[in-house]
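Here is a short note for a colleague who is new to this structure. Please look over the model first, then read the points below.

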Amino acid sequence: MSVAIDWLAFVQVFAAALIGATAIVTFYALGLRLLVRAGHAPVVSPVEFTDAITVISEKEAQRAAKQAAKAAKKSPLTDVQKRIALFGAYGCFALCAIAVVGGILVIIIGH
């Protein structure tokens, strides 16, 4: 009894996983970049964790939100450019979602 490994299939799966992961990370990072350029910097409110090393206080979160608002006001982009950047960010996030759903469908429906 011998075990045969289909190396071509292994390489195909490896390449698909590498390309998919790279595409998702790239589009997500580009989406965040465009979101910030559009003046919508994501600010996360502080959360209390029981085992956290560092917890952001409410004051620090307010300061970060104030800095984000100040940076959005100083943006050199026009309103039209900001709107285009915002739609681009939403498009990048949509591409990330499509890639994830497509990968799940390939796993479920595929071979």
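Contact means heavy atoms within 4.5 Å.

1. Ground rules. This is a predicted model, in which local features need pLDDT of at least 70 and side-chain atom pairs count only at pLDDT 80 or more, while totals for chains, interfaces and linings use all residues. Residues are numbered from 1 along each chain as its sequence is written, and side-chain values use heavy atoms, with hydrogens and water left out.

2. Fold. The protein has 3 helices and 0 strands. Its pattern along the sequence reads α-α-α. Helices (H or I, at least four residues) and strands (E, at least two) are DSSP runs, numbered from the N terminus.

3. Contacts along the chain. Take the contacts with a separation of 6 or more: residues 24 or more positions apart account for 69% of them. Ala69 lies in helix α2 (residues 58-73). Between Ala69 and His40 there are 8.3 Å, C-alpha to C-alpha, and the two are 29 residues apart in sequence.

4. Buried means under 20% relative accessible area, exposed over 50%, partly exposed in between (1.4 Å probe, protein chains only). Of the 111 residues, 11% count as buried. A nonpolar core is a set of buried Ala, Val, Leu, Ile, Met, Phe, Trp, Tyr and Cys residues joined through side-chain atoms within 4.5 Å. The largest one has 5 residues: Leu35, Ala38, Ala85, Leu86 and Ala89. Helix α3 (residues 79-109) gives the largest share, 3 residues. Setting aside neighbours within four places in sequence, Ala85 is in contact with Leu34 and Ala38.

5. Surface. The protein exposes about 9200 Å², and carbon and sulfur atoms supply 69% of this area. Accessible areas come from the Shrake-Rupley method with a 1.4 Å probe; for residues, only the protein chains shown count as cover. Trp7 sits in helix α1 (residues 7-37). Is Trp7 buried or exposed? Trp7 is exposed, at 54% relative accessible area. Ala69 is partly exposed, at 40%.

6. Cysteines. How many disulfides does a search of the whole structure find? The count is 0. A disulfide is a pair of cysteine sulfur atoms within 2.5 Å. The sulfur of Cys92 has its closest cysteine sulfur in Cys96, 7.1 Å away, so the two are too far apart for a bond. Cys96 is in no disulfide. Cys92 is buried, at 7% relative accessible area. Cys96 is buried too, at 8%.
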